[in-house]
Amino acid sequence: MRHEEAVPARARRWTAVLALAGVAVVLAACAAGPNPAAGPDEAGFWWGLWHGLILPITFVVSLFNDDVSIYEVANNGNWYDLGFCVGLSMFFSAGPAAGMAGRRR
């Protein structure tokens, strides 16, 4: 009787492992890859920083204007992404203003 109970548990375990592997493959397929069209004149870290800082304003403008995009597609890859994330985090963390507010108290 114990052997019969162990088989469904083993089958459930393998089903869960295969489902998890399937989800991992699907998520990996959605990951962004390098931009093959990028060149030396493409947007880099500093443009990414600027675009991250102005993202909230650009987003509102992009709702009304189809020619405005919130992310520069023609970028040089990881450096642009890093600048974009840093700029976005600076905007939402209030940057230097947050530190000055704590010193005034």
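The buried residues of helix α3 are Leu-55, Thr-58 and Ser-62, where buried means under 20% relative accessible area, exposed over 50% and partly exposed in between, with a 1.4 Å probe and protein chains only. Seen down the axis of α3, these buried residues fall within an arc of 60°, so they line one face of the helix. The arc is that of the directions from the helix axis to the C-beta atoms. This is a predicted model, in which local features need pLDDT of at least 70 and side-chain atom pairs count only at pLDDT 80 or more, while totals for chains, interfaces and linings use all residues. Residues are numbered from 1 along each chain as its sequence is written, and side-chain values use heavy atoms, with hydrogens and water left out.

**Chain overview**

- The protein chain has 5 helices and 0 strands; helices (H or I, at least four residues) and strands (E, at least two) are DSSP runs, numbered from the N terminus.
- Along the sequence the pattern is α-α-α-α-α.
- Of the 105 residues in the protein chain, 14% are buried.
- Among contacts between residues at least 6 apart in sequence, 75% join residues at least 24 apart; contact means heavy atoms within 4.5 Å.

**Helix α3**

- The buried residues of α3 pack against α2 and α4.
- Ile-57 lies in α3 and counts as exposed at 57% relative accessibility.
- Ile-57 and Ile-70 are 13 residues apart along the chain, and their C-alpha atoms are separated by 9.1 Å.

**Helix α2**

- In α2 the buried residues are Gly-48, Leu-49, His-51 and Gly-52.
- Seen down the axis of α2, its buried residues fall within an arc of 165°, so they line one face of the helix.
- An α-helix has 3.6 residues a turn, so residues three or four places apart point the same way.
- The face of α2 turned away from its buried side carries the exposed residues Trp-46 and Trp-47.
- The cover over the buried residues of α2 includes α3 (55-64) and α4.
- His-51 has its place in α2 and is buried, with a relative accessible area of 16%.
- Leaving out residues up to four places away in sequence, His-51 touches Glu-72, Tyr-80 and Phe-84.

**How α2 meets α4**

- The axes of α2 (residues 45-53) and α4 (residues 78-93) come within 6 Å and cross at roughly 30°. Axes are lines fitted to C-alpha atoms, for helices over the stretch in contact, and angles run from 0 to 180 degrees between N-to-C directions.
- The two helices, α2 and α4, are therefore roughly parallel to each other; angles under 35 degrees count as roughly parallel, over 145 as roughly antiparallel, 65 to 115 as roughly perpendicular and the rest as oblique.
- On the α2 side, the residues that meet α4 include Phe-45, Trp-47, Leu-49 and His-51. Among the α4 residues that they meet are Trp-79, Tyr-80, Phe-84 and Phe-91.
- By class, the contact of α2 with α4 has 12 nonpolar, 5 polar and no charged residues. Ala, Val, Leu, Ile, Met, Phe, Trp, Tyr, Cys and Pro count as nonpolar, Asp, Glu, Lys and Arg as charged, and the others, Gly among them, as polar.
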